[in-house]
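Subject: Structure handover

Hi,

Here is the structure I promised to pass on. Have a look at it first, then read my notes below.

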Amino acid sequence: MEVHPANDMTRAEAVLAFLDGHGLPYDCYYHPEGKTIEEAKRYWRNDGSVHCKNLFFRNHKGNRHYLVCFDCDHDLAIHDLEHRLHQGKLSFASAERMMRYLGLEPGSVSPFGLINDKEHHVHLFLDAQLQHSDMLSFHPNDCRGTVVISREDFERYLAMVGNTYEYIILY
């Protein structure tokens with residue numbers, strides 16, 4: 001596992017330390033690398049959680065960045081999202097931008113990367129359907145693990161990191 005440069009912890013350890021340090025209950029398990037949803041599905045437990053897909057975008061000017069999370073069994077209509085945001089064309093953010101704003105590399109995008117966004121630059125969009133889920137799962141900034149957390153505790157996490165977020169209809 002890669003070491004988190006700031007404190008000699010792996011990225012996953014930094015996430016779990018944050019959750020533990022803030023009294024947020026979760027379950028975490030490790031598995032072989034799954035950089036894509038198709039790969040990761042082979043290793044996920046049938047635990048009743050909604051496994052989320054996470055995409056990192058930038059607007060056409062490159063001055064706004066968005067993390068978009070939704071049920072991995074659905075597809076995102078990017079053009080519909082562009083029209084809703086009125087930010088012009090969206091494109092996937094580069095690996096350099098991902099590292100700058102989330103401290104992550106491609107294949108490891110997760111809302112837990114927001115712990116690295118100290119200036120709260122990234123805005124998070126969550127699909128509205130996730131509001132009806134009791135449990136959500138994301139990887140802990142490393143595609144060799146999965147964190148299962150209740151939606152309520154995940155929302156508590158979001159309040160603690162301080163980034164703006166909203167639930168919107170994505171599909």
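Which residues of helix α3 (residues 78–85) are buried? They are L81, E82 and L85, where buried means under 20% relative accessible area, exposed means over 50% and partly exposed is in between, with a 1.4 Å probe and protein chains only. Seen down the axis of α3, these buried residues fall within an arc of 105°, so they line one face of the helix; the arc is that of the directions from the helix axis to the C-beta atoms. On the face turned away from that buried side sit the exposed residues H79 and H83. The buried residues of α3 pack against β5 (65–71), β7 (122–127) and β10 (165–168). After α3 comes H86, with a positive phi near 55°.

Before you go further: this is a predicted model, in which local features need pLDDT of at least 70 and side-chain atom pairs count only at pLDDT 80 or more, while totals for chains, interfaces and linings use all residues. Residues are numbered from 1 along each chain as its sequence is written, and side-chain values use heavy atoms, with hydrogens and water left out.

Now the overall picture. The protein has five helices and 10 strands; these are DSSP runs numbered from the N terminus (helices H or I, at least four residues; strands E, at least two). Its radius of gyration is 15 Å, close to the 16 Å that the globule rule gives for 171 residues, so the protein is as compact as a globular protein of that length. (The radius is taken over C-alpha atoms, and the rule is 2.2 Å times the number of residues to the power 0.38.) Buried residues account for 51% of the 171. Of the contacts (heavy atoms within 4.5 Å) between residues at least 6 apart in sequence, 63% join residues at least 24 apart.

On to the inside. The largest nonpolar core has 34 residues, and L19, F56, L114, L126, F138, F154 and Y157 touch the most other members. Such a core is a set of buried Ala, Val, Leu, Ile, Met, Phe, Trp, Tyr and Cys residues joined through side-chain atoms within 4.5 Å. The largest share of this core, five residues, comes from α1. If you click on Y157, you'll find that its contacts, leaving aside neighbours within four places in sequence, are F18, L19, L24, P111, F112, G113, L114 and I115. Apart from this core lies another, of 12 residues, including L90, F125, I168 and L170.

Last, the charges. There are seven salt bridges, each a side-chain nitrogen of Lys or Arg within 4 Å of a carboxyl oxygen of Asp or Glu. One of them joins R11 and E105 (4.0 Å, N to O). This pair links distant parts of the chain, with R11 in helix α1 and E105 in the loop between α4 and β7, 94 residues apart. R11 is buried at 8% relative accessible area, and E105 is partly exposed at 31%.

R45 and D27 form another salt bridge (3.7 Å, N to O). R45 lies in the loop between α2 (37–40) and β4, and D27 in strand β3 (residues 27–30), so the pair ties together parts that are 18 residues apart in sequence. Finally, R151, E152 and E155 are linked in a network of salt bridges; the closest N and O atoms of R151 and E152 are 3.4 Å apart.

Cheers
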